Amino acid sequence: KDLYTNFVKDFEHKINQLSLVDLAVIISAKLTEEEAITFLEETNKKVKTHEEASILCRTHIARLRVDTEGLEPLKRTIEDLNAEVDKLDHVTTTHGEFYKLSSQYYRRTGDHAQFYRDTLRYLGCIDIDVLPREEQTSIAFVLGVAALLGDGIYNFGELLEHPIVKALEQSDREWMYVLLQRANAGSLAHLDNTQEWKSQKDLVASELQLRAKISLLALMEMVFMHAASERTIAFADIAARVDVPLEQVELLVMRALSLGLVKGSLDEVRQVVQFTWVQPRVLDQAQVAALTERWKSWCTKVQETADGVQTQAPELIV
């Protein structure tokens with residue numbers, strides 16, 4: 001702090017306001033928590049006319065205050081800052097610091113879905129290569145847990161394609177990477193045949209919820225793998241693919257319909273489901289390969305139809 005008082009203070013009004021906040025944050029790390037808060041509050045008064053610098057400064061103040069003031073004041077601060085961050089017309093490190101703060105808040109409150117979204121936003125604002133390997137692994141792991149348990153998250157493709165999950169490979173938590181891949185494909189068998197996930201208390205506590213999500217993912221994957229013209233699927237086929245009792249298929253499909261994961265209609269008499277749409281997904285390489293094969297098949301059928309028309313009714317072809 002003496003450095004700031006005896007040196008920086010003389011030209012603080014001449015330097016970039018964001019740079020001033022960055023300096024203040026570095027200096028505050030050497031102070032006690034109470035001193036740091038006071039120091040940053042004084043800094044905020046000096047940069048209050050600079051919207052982005054003020055947001056950055058208040059973000060750091062909120063991070064320091066959480067241990068002394070609790071989560072409720074932090075919630076209000078995040079709501080206020082979020083409205084201001086949304087108004088910024090370009091993405092900067094200020095966004096990263098804000099999303100880091102908000103993700104920490106949602107992790108502490110157990111909101112897996114919002115933690116997942118804000119952590120991905122945070123990672124999108126930084127160069128993850130500057131993070132230590134251990135920190136990358138830790139972030140990837142908790143993101144995996146959040147994806148598996150978060151409400152409304154029914155596609156792990158975005159996470160699986162993100163560079164951060166590569167940190168799980170060749171680590172003692174590689175099982176999480178494999179679990180995400182298998183769950184995204186809707187494999188309940190993998191969950192039954194492995195034990196590593198049982199070391200994670202949150203997953204064990206929410207096992208029924210996790211199984212229900214994987215069943216829905218299996219249904220989505222099944223519908224996706226069928227061509228649009230072949231999406232009338234028998235209850236028995238769904239039961240076999242999703243690995244649920246036949247009598248639970250109707251409930252599973254109704255659940256998927258109510259969540260907006262698929263669209264279609266059930267025929268209880270014929271014991272079939274006519275699917276007309278499945279929620280768009282971020283595809284992994286295997287799914288892209290499958291889609292490519294379907295596209296080739298469709299192109300072949302179109303060409304065969306065109307050739308048939310040309311042979312049987314050439315006058316229709318101009």
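Guide: Residues are numbered from 1 along each chain as its sequence is written, and side-chain values use heavy atoms, with hydrogens and water left out. In this predicted model, local features need pLDDT of at least 70 and side-chain atom pairs count only at pLDDT 80 or more, while totals for chains, interfaces and linings use all residues.

Visitor: Why are helix 8 and helix 13 called roughly perpendicular?

Guide: Helix 8 (residues 133–149) and helix 13 (residues 207–225) pack at an angle of about 75 degrees, with axes 9 Å apart. Angles of 65 to 115 degrees count as roughly perpendicular, and the pair is therefore described that way.

Visitor: What makes the contact between helix 8 and helix 13?

Guide: With contact meaning heavy atoms within 4.5 Å, helix 8 brings A147, L148 and L149, and helix 13 brings Q209, L210 and K213.

Visitor: How do you know whether S54 is buried or exposed?

Guide: Buried means under 20% relative accessible area and exposed over 50%, with partly exposed in between (1.4 Å probe, protein chains only); S54 has 6% relative accessibility and therefore counts as buried. S54 sits in helix 4 (residues 51–69) and, leaving aside residues up to four places away in sequence, touches N44, V47 and K48.

Visitor: What makes up the lining of the largest pocket?

Guide: There are 16 lining residues, of which A212, K213, L216, L252 and R255 lie nearest the centre of the pocket, where lining residues have an atom within 4 Å of a point on a 1 Å grid. Helix 13 gives the largest share of this lining, 5 residues.

Definitions and conventions
Axes are lines fitted to C-alpha atoms, for helices over the stretch in contact, and angles run from 0 to 180 degrees between N-to-C directions. Helices (H or I, at least four residues) and strands (E, at least two) are DSSP runs, numbered from the N terminus. Angles under 35 degrees count as roughly parallel, over 145 as roughly antiparallel, 65 to 115 as roughly perpendicular and the rest as oblique. On a 1 Å grid over the protein atoms alone, a cavity is a set of points where a 1.4 Å probe fits but cannot get out, and a pocket is an open set with protein on both sides within 12 Å along at least five of seven lines; lining residues have an atom within 4 Å of a point.
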